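Visitor: I am new to this structure. Please take me through a single part of it, slowly and closely.

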There are 2 protein chains.
Amino acid sequence: MDKEVTNLLREKGFKVTPQRLAIYKILAATKSHPSAEMIFNELQPSYPTMSLATVYKTVDILREIGMIQVLNAGEDSFRYDADTSDHPHVRCLECGRVDDLNNIEFSGFVNEVASKTSYRLTGQQFYFYGICPECQKSTAN
Amino acid sequence: MDKEVTNLLREKGFKVTPQRLAIYKILAATKSHPSAEMIFNELQPSYPTMSLATVYKTVDILREIGMIQVLNAGEDSFRYDADTSDHPHVRCLECGRVDDLNNIEFSGFVNEVASKTSYRLTGQQFYFYGICPECQKSTAN
DNA sequence: GTCTAATTAATAAGGATTTTCCAATTGTAT
DNA sequence: ATACAATTGGAAAATCCTTATTAATTAGAC
């Protein structure tokens, strides 16, 4: 799986650095859709000299070469997802976590939109909002 | 239609001011989902002394009383829509305009998500991205 | 018409993310 | 191994949307 980023980076003329691989690894290993700062914090132990600027520059490159997608679920910051497949997300309005919604069928919806709009569509983002199971418990008291 | 805002404002204990009515009128009369600054600019001719702060405070109140909904289509700023019905939006990646997608059936999609997630859902936002007809023409050269 | 609290206008301040800068370092082609 | 261009790191700075502040004005109740 590292192979793929390595090759893609080289192909596109980017250098393969430990920082870039580390950032991609984080994203590939999590389902939490971290923001730049979350990635930065998670790298602190193993890369104490990692710079936030490097995180930002790297996710931009990763997006450019198609290895990650960028989310904006109505927060102030962006989130990054190594799962580049089209899938809806749900954000907890209480704690802010963002989860995947898997195995949802929405091609009918997308096709209907495509057939009814005169836009040339290139993508879409589906965000659901609500309260996650954990916060339902703690709010229940 | 002004009647409705007027009454609602009074009911909720807000004063009815020309500024508030003017801002709502703009939103009710357009399908362009303007941001606070766009509203501000559009009001310049008729309300040269209108303050951006007033626009922000007013849209917040209008949202609170349920007369408008707030959109965030992955831009830096928020957009406001007097059409409070649930409907998808599409944003042009070229010129930035945001359009409605009307008469789209998505209740099946929503129901499927609701039945498969353990979140307690309270809402959703569907954003499509692409190139609008106008920009398709100008990019075609 | 008076009164009072809410609202406005204008500007300053805030807030937080993201970008820029540049010297030092590092990947990679030769 | 060498050389060069790309990249990193650290901090500062830009961005820019949004909120706070405050004196003056105004809506609405009586």
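Visitor: What volume does the largest pocket have?

Guide: This is a predicted model, where local features need pLDDT of at least 70, side-chain atom pairs count only at pLDDT 80 or more, and totals for chains, interfaces and linings use all residues. Residues are numbered from 1 along each chain as its sequence is written, chains are lettered from A and ligands numbered from 1 in the order in which they are written, and side-chain values use heavy atoms, with hydrogens and water left out.

The largest pocket has a volume of about 380 Å³. A pocket here is an open set of points on a 1 Å grid over the protein atoms alone, where a 1.4 Å probe fits, with protein on both sides within 12 Å along at least five of seven lines. Grid points are joined across faces, edges and corners, and the volume is the space filled by probe spheres set on the points.

Lining residues have an atom within 4 Å of a point. The largest pocket has 18 of them. Closest to its centre are V70(A), Q124(A) and Q125(A), along with R91(B) and Y129(B).

In chain A, β1 (69-71) and β5 (120-131) each supply at least two lining residues. These strands are DSSP runs of E, at least two residues long, numbered from the N terminus. β5(A) gives the most, with five residues.

By type, the lining holds seven nonpolar, nine polar and two charged residues. Ala, Val, Leu, Ile, Met, Phe, Trp, Tyr, Cys and Pro count as nonpolar, Asp, Glu, Lys and Arg as charged, and the others, Gly among them, as polar.

Notes
Helices (H or I, at least four residues) and strands (E, at least two) are DSSP runs, numbered from the N terminus.
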